[in-house]
Amino acid sequence: MKIETTILILFFLITTVKAQVFGTQVIIEEENISLRAWEEENVKNYSGVYFFGESEAESSLHLFIFNDMVCAQLEKGNWTIKNSKIIDWTKSYENFTNVKIKGNQFYSDQSNGEFVFFEVANKKYKGLKLVNPPVQTGNKGDYEIGSYSKFDEIGNYFNTKTTIISLNYLNKMDKEELKIMRNEIFARYHYEFKTKKMSEYFIKQKWYSGYHQNVDSFLTEIEKENIKRILNIEKNK
């Protein structure tokens, strides 16, 4: 009984900050945790963050849904090592391809799964059950469940991640605001700015740290469209 309890604590991590819960297939089956389909009439209700793993194996899958666009982005951390010394913990991002949601089923080239409800310690959770998750915590080929959370809205213009901004909205902003809005997209990916003005602005933001030289591959289709729109408006200001 003590061994089972210890394993459960290790694999179902609950933090007071984000109520983060995740589970591997082995533990879910051993503890007889029931799963049932999480079904939504509006697919946009699946938008949010799904947390998998813990510690160095922790990752999160961010789902951005706007009209017919579904963007799934994996965030994970890595230790930066220089001259055999650990320098820092840095984040990297990978965009899933051919992402689709049909009913409560999730499809992509990287991993497939389904949206589910599950219960741990008499608390009910929403989650995403992924087969062969990109960052494998359990046995190879097993599924893992990541718990759902709303977005942590970083920055002043977080809507550039979730929505394609209307031209009317952008036209009401001045050139300086547009420039900040556009560069905030890159800043959220820890882009290290080359210009003094942008570097000085973002270094003052508590959430920012710059270490990536190029973040183009991190951008989602929603962000790419917003950058294009903002640039076009900026040119006419």
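This is a predicted model: local features need pLDDT of at least 70, side-chain atom pairs count only at pLDDT 80 or more; totals for chains, interfaces and linings use all residues.
His190 is found in the loop between helix α5 (175-187) and helix α6 (196-203). The phi of His190 is positive, about 65 degrees, although the residue is not a glycine. Most residues other than glycine have a negative phi. The relative accessible area of His190 is 9%, so the residue is buried, the limit being under 20%.

A second residue can be set beside it. Asn67 also has a positive phi, near 50 degrees, and is a residue other than glycine. Asn67 has its place in the loop between strands β4 (59-66) and β5. Is Asn67 buried or exposed? Its relative accessibility is 63%, and because exposed means over 50%, Asn67 counts as exposed.

The next loop to visit lies between α6 and α7, where Thr220 is found. Thr220 counts as buried, at 2% relative accessibility. Which residues does Thr220 touch, once its neighbours within four places in sequence are left aside? The contacts are Phe64, Cys71, Gln73, Asn95 and Tyr189.

The element that gives the most to the lining is β5, with 3 residues.

Helix α7 itself comes next. It runs over residues 221-235, which makes 15 residues. From its first C-alpha to its last, α7 reaches 22 Å, close to the 21 Å expected at 1.5 Å a residue. Which residues of α7 are buried? They are Ile222, Glu223, Asn226, Ile227, Ile230, Ile233 and Glu234. These residues cover an arc of only 135 degrees around the axis, and therefore they lie on the same side of α7.

From the helices, turn to a set of paired strands. Strand β9 (residues 112-120) and strand β10 (residues 123-131) run antiparallel and are joined by 9 bridges. Within this pairing, Phe118 stands opposite Tyr125 in β10. The two strands form a hairpin with 2 residues between them, and in that hairpin Ala121 takes a positive phi near 50 degrees. Strand β10 also pairs with strand β11 (residues 143-149), again in the antiparallel sense, over 5 bridges. Here Gly127 stands opposite Ser147 in β11.

Leu35 lies in strand β2 (residues 35-37). How far apart are Leu35 and Lys126 in sequence and in space? They are 91 residues apart in sequence and 9.9 Å apart in space, taken from C-alpha to C-alpha. Leaving aside neighbours within four places in sequence, Leu35 is in contact with Ile28, Phe117, Phe118, Lys129, Tyr143 and Ile145. Phe118, one of these contacts, is the residue that stands opposite Tyr125. The relative accessible area of Leu35 is 30%, which means that Leu35 is partly exposed.

Note on methods
Residues are numbered from 1 along each chain as its sequence is written. Side-chain values use heavy atoms; hydrogens and water are left out. Helices (H or I, at least four residues) and strands (E, at least two) are DSSP runs, numbered from the N terminus. The expected span of a helix is 1.5 Å times one less than its number of residues. Buried means under 20% relative accessible area, exposed over 50%, partly exposed in between (1.4 Å probe, protein chains only). The arc is that of the directions from the helix axis to the C-beta atoms. Contact means heavy atoms within 4.5 Å. Two strands pair if DSSP finds at least two bridges between them.
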